[in-house]
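Thanks for coming. I will go through some salt bridges and then a ligand site. Please look at the model first.

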Amino acid sequence: MKSDLDKQTDVLIVGSGIAGLQSALDIADSGLNVTIIERSPSIGGKMISLSKVFPTLDCASCITTPKMAAVANHPRIKTMTYTEVNTIRKTADGFDVDVTQKPRFINEDECISCKKCEQACPVYVDDNFEYGLGVKKAISIPFTNAVPQLPVLEENHCIRCGACARVCPKDCIDYLQEPIPQTIKAKAVVAATGFEIASMGIKPEYQGETLTNVISSLQAERLLAPHGPYGKVLRPSDGKIPDSIAYVQCASSRDQSIGIPYCSRVCCMYAIKQAMLLAGALPLGEITIYYMDIRAFGKGYEQFYAQARSMGINFVKAKVAKISEDVDRNPIVRIDRQEEGSIPQDITHDLVVLSQGILPSRKDFFGLDITLNEFGFVQSNSPTYSPAKTNINGLFVAGVIKGPKDIPDTIMEAGSAAIDAINYIRENL
Amino acid sequence: MTQDKDKNKAIAQQLKDLTAKKGPVSPTLLAYYKDSNQKHKKVLDSIKEKEKTVPEISAETGLSTDIVLWHLTAMKKYGQAEVILAKSGYLKYIAMHEESKS
Ligand SMILES: Cc1cc2nc3c(=O)[nH]c(=O)nc-3n(C[C@H](O)[C@H](O)[C@H](O)COP(=O)(O)OP(=O)(O)OC[C@H]3O[C@@H](n4cnc5c(N)ncnc54)[C@H](O)[C@@H]3O)c2cc1C
Ligand code: SF4
Ligand code: SF4
């Protein structure tokens with residue numbers, strides 16, 4: 001496999017979610033060279049997998065795709081996907097960043113994205129872009145608007161039948177590719193590694209890992225996305241169009257016992273958004289949100305919440321004690337109402353969505369001695385004046401790496417990280 | 001024709017080198033593939049003549065409803081089945097005939 005990584009760049013950006021994309025565009029537009037390192041096969045981060053965005057209900061991929069294309073076509077931005085950042089070392093004149101380019105098992109320069117390999121492959125596997133709800137092949141292009149449009153052959157699922165190689169018109173399948181480790185020198189680094197959502201099993205009483213009709217908030221985004229796995233909102237146990245859907249708020253936030261004592265900030269708003277979209281997709285459906293308090297913190301968010309109430313979405317102030325299921329795999333939610341006397345009640349739904357907490361995507365931080373806050377998010381060195389600055393000179397952060405936040409705040413921080421990185425290079429190097 | 005032969009020979013050699021380098025394909029993976037293919041075929045056969053819902057296919061094939069949905073999702077994505085929409089209850093699925101695929 002030929003590697004096209006530049007060994008030197010002005011600014012190296014780790015992660016290509018909306019934070020990384022926006023920082024890259026701002027920095028490159030100022031005349032500096034940027035290299036983006038993204039561990040997934042496509043750029044775009046979580047935002048490209050969302051359905052619509054609160055509070056405007058604009059289509060998420062309609063906003064993200066043009067930014068992905070602008071990054072891919074920018075003359076001063078080099079994008080390396082399917083490449084993992086392993087360690088970052090501070091040096092006298094910047095940073096040495098050790099990365100590993102993972103093998104796609106195709107010749108990237110020759111591939112014409114015709115998908116013939118994917119059509120020919122006989123092995124079906126769970127689709128991680130659909131968070132396990134959809135199906136793909138052992139060799140596949142990650143999703144419709146992935147950038148780049150290059151397939152990945154998943155070694156652990158390949159039965160080595162040779163079908164993909166036989167149909168490839170450009171002879172670009174290469175079963176013998178190896179990972180390529182290398183080091184890139186950068187004058188400054190912007191880390192935008194974003195977040196993960198808490199594991200579905202973090203609260204055993206909710207049985208998120210065992211009950212098929214208890215799904216994650218990101219799975220719910222895919223159910224609602226225009227190119228989602230089923231093409232319609234269906235429940236995963238049997239494909240039924242759900243009549244009754246419930247959201248469990250703070251499903252793994254604000255809970256000291258599981259190590260996530262903080263509020264994840266966006267869950268109330270995305271649950272309200274998803275509930276409104278469900279109300280549109282399933283006019284006969286009944287949608288309930290079990291919550292302790294609704295945190296509608298941003299501009300226009302309170303009106304958004306009020307709009308959801310006026311649409312008939314059922315907001316029930318209650319603690320959810322546990323979730324079980326009946327013989328038809330309908331989830332049964334045991335609630336403890338907080339308003340009308342605290343009598344435990346079992347309520348059966350067709351589908352339950354857990355609004356899980358947001359966790360930092362890394363805690364070891366590439367071997368750098370960076371200051372993290374008590375929850376593992378990166379601590380800003382100057383929260384008021386330069387929120388992107390860290391305790392390491394020349395290393396800046398943007399997006400949810402610093403703590404849970406919505407897309408507008410992420411984009412604003414990405415711009416701030418870009419300005420700090422540009423100024424740092426101009427003033428110091 | 002000779003070109004095809006050369007191509008196939010080169011692929012066979014690469015796969016041989018791969019096995020020499022990494023060992024044979026794991027028996028667990030091969031068993032998964034065989035089992036999954038049989039289920040896929042069962043589901044596809046069940047909707048060849050008539051459109052059916054997931055529970056109907058499940059009752060006919062003896063496969064669990066979630067497995068049936070998984071294979072139908074694959075068929076829909078790769079052009080082997082199409083969906084007949086419904087407003088409530090269950091969607092119906094029917095196999096696509098060769099001529100309608102192209
Ligand atoms: C279910 C859900 C719905 C939401 N809906 C909305 C909404 O409607 N409106 C709104 O404003 N906000 C919403 N949000 C919040 C929004 O998703 C975030 O604000 C935004 O996506 C954060 O972007 P980011 O770039 O910081 O992180 P991410 O999108 O997580 O991007 C980080 C990127 O870094 C990459 N990366 C990580 N580690 C490495 C490594 N070691 N090497 C290389 N690459 C790496 C990752 O693969 C990823 O691509 C929602 C969140 C959730 C969970
Ligand atoms: S060699 Fe592997 S990836 Fe290629 S078609 Fe066969 S199973 Fe699929
Ligand atoms: S068949 Fe070959 S050229 Fe076409 S997408 Fe697959 S690897 Fe690329």
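I start in chain B. D45(B) is partly exposed, with 36% relative accessible area; buried means under 20%, exposed over 50%, and partly exposed in between, using a 1.4 Å probe and protein chains only. Its partner is K48(B): the two side chains form a salt bridge, 3.3 Å from N to O. By salt bridge I mean a side-chain nitrogen of Lys or Arg within 4 Å of a carboxyl oxygen of Asp or Glu. K48(B) is partly exposed as well, at 38%.

Some conventions. This is a predicted model, in which local features need pLDDT of at least 70 and side-chain atom pairs count only at pLDDT 80 or more, while totals for chains, interfaces and linings use all residues. Residues are numbered from 1 along each chain as its sequence is written, chains are lettered from A and ligands numbered from 1 in the order in which they are written, and side-chain values use heavy atoms, with hydrogens and water left out.

Over all chains, the search finds 28 salt bridges. One of them joins K187(A) to D10(A), at 2.9 Å from N to O. K187(A) is in strand β12 (residues 180–191) and D10(A) in strand β1 (residues 8–14), so the pair ties together parts of chain A that are 177 residues apart in sequence. Strands are DSSP E runs of at least two residues, helices are H or I runs of at least four, and both are numbered from the N terminus.

Another salt bridge pairs R329(A) with D66(B), with the closest N and O atoms 3.6 Å apart. This pair crosses between chains, from the loop between β18 (314–325) and β19 (331–337) of chain A to helix α4 (residues 65–77) of chain B. D66(B) is partly exposed, at 25%. Back within chain A, salt bridges link R89(A), D96(A), D98(A) and K185(A) in a network.

Now ligand 1. Of the 38 residues around it, those that come nearest are E38(A), F54(A), K273(A), K405(A) and I407(A); a residue counts as near if one of its heavy atoms lies within 4 Å. A backbone N or O atom of R39(A) is 3.1 Å from a nitrogen atom of ligand 1. For A19(A), a backbone N or O atom lies 3.1 Å from an oxygen atom of ligand 1. Taken alone, ligand 1 exposes 1000 Å², and the protein buries 99% of that, by the Shrake-Rupley method with a 1.4 Å probe.

Definitions and conventions
A polar contact is a pair of N or O atoms within 3.5 Å; within protein, one must be able to donate a hydrogen and the other to accept it, and residues adjacent in sequence count only if both atoms are side-chain atoms.
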